[in-house]
Amino acid sequence: MTITQLGIAVHLDELGHMSGSDLARRFRITPQSASTALAALEARGWVTRLRHPFHGRVIWYEVTDVGRAGAHEGRRRLGILQEQFAELLGADSMRATIDRLQEIPAVLDGPEPPATMWPA
């Protein structure tokens with residue numbers, strides 16, 4: 001499981017179904033990278049495909065119960081890592097570091113893209 005795959009599963013769990021293109025924009029990765037990650041998640045049984053109700057060529061991906069459980073476990077493990085980093089850095093330094101790191105994509109790529117381009 002890669003961090004991109006876990007991130008996609010978490011986002012699908014939190015935001016609901018999305019297309020591969022939506023996920024690529026959201027994660028600022030190429031459509032090919034999103035497709036590769038989604039194929040790996042599908043092979044693990046973490047996501048399933050749905051046809052868009054209006055746009056026949058658009059495929060939505062939806063997290064499965066197995067994927068939801070995996071995303072939950074991933075969040076739990078990342079929470080432990082965050083606690084360890086906060087312990088090492090101190091809460092104020094941790095927050096400042098996160099804030100600074102979050103500025104990088106905004107400076108390089110502009111504001112965060114919308115969650116989805118395809119209306120339901």
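## Residue Q5 and its setting

Q5 is a residue of helix 1; helices (H or I, at least four residues) and strands (E, at least two) are DSSP runs, numbered from the N terminus. The model is a predicted one, in which local features need pLDDT of at least 70 and side-chain atom pairs count only at pLDDT 80 or more, while totals for chains, interfaces and linings use all residues. Residues are numbered from 1 along each chain as its sequence is written, and side-chain values use heavy atoms, with hydrogens and water left out.

Q5 counts as buried because its relative accessibility is 10%; buried means under 20% relative accessible area, exposed over 50% and partly exposed in between, with a 1.4 Å probe and protein chains only. When neighbours within four places in sequence are set aside, Q5 is in contact with A37, A40, L41 and R44. Contact here means heavy atoms within 4.5 Å.

## Overall architecture

The protein chain holds five helices and three strands. Read from the N terminus, its elements follow the order α-β-α-α-β-β-α-α. The C-alpha trace spans about 50 × 35 × 25 Å along its principal axes.

Of the 120 residues in the protein chain, 28% are buried. Among contacts between residues at least 6 apart in sequence, 58% join residues at least 24 apart.

## Helix 1 against helix 3

The axes of helix 1 (residues 3-15) and helix 3 (residues 31-44) come within 9 Å and cross at roughly 75°. Helix 1 is therefore roughly perpendicular to helix 3. Axes are lines fitted to C-alpha atoms, for helices over the stretch in contact, and angles run from 0 to 180 degrees between N-to-C directions. Angles under 35 degrees count as roughly parallel, over 145 as roughly antiparallel, 65 to 115 as roughly perpendicular and the rest as oblique.

On the side of helix 1 the contact is made by T4, Q5, I8 and A9, and on the side of helix 3 by A37, L38, A40, L41 and R44. The residues of this contact comprise six nonpolar, two polar and one charged. In this grouping Ala, Val, Leu, Ile, Met, Phe, Trp, Tyr, Cys and Pro count as nonpolar, Asp, Glu, Lys and Arg as charged, and the others, Gly among them, as polar.

Helix 2 (residues 20-27) has G20, D22, L23, A24 and R26 as buried residues. What covers them includes helix 1, strand 1 (18-19), helix 3 and strand 3 (59-63).

In the loop between helix 1 and strand 1 lies G16, which counts as partly exposed because its relative accessibility is 26%. G16 and V63 are 47 residues apart in sequence, and their C-alpha atoms are 7.7 Å apart in space. R28 belongs to the loop between helix 2 and helix 3. Its phi is near 55°, a positive value in a residue other than glycine. With 31% relative accessibility, R28 counts as partly exposed.

## The loop residue T64

T64 is found in the loop between strand 3 and helix 4. It counts as buried, since its relative accessibility is 18%. Leaving aside neighbours within four places in sequence, T64 is in contact with G45, W46, V47 and T48. The C-alpha atoms of T64 and E42 are separated by 9.4 Å, and these residues are 22 apart along the chain.

## The largest pocket

The largest pocket has a volume of about 310 Å³ and is lined by L78, Q82, I98, L101 and Q102. On a 1 Å grid over the protein atoms alone, a pocket is an open set of points where a 1.4 Å probe fits, with protein on both sides within 12 Å along at least five of seven lines; lining residues have an atom within 4 Å of a point. Grid points are joined across faces, edges and corners, and the volume is the space filled by probe spheres set on the points.

Helix 4 (65-89) and helix 5 (91-109) each supply at least two residues of the lining. The largest share, three residues, comes from helix 5. By class, the lining residues are three nonpolar, two polar and no charged. L78 itself is placed in helix 4 and is partly exposed, with a relative accessible area of 34%. Not counting residues up to four places away in sequence, L78 touches I3 and L6.
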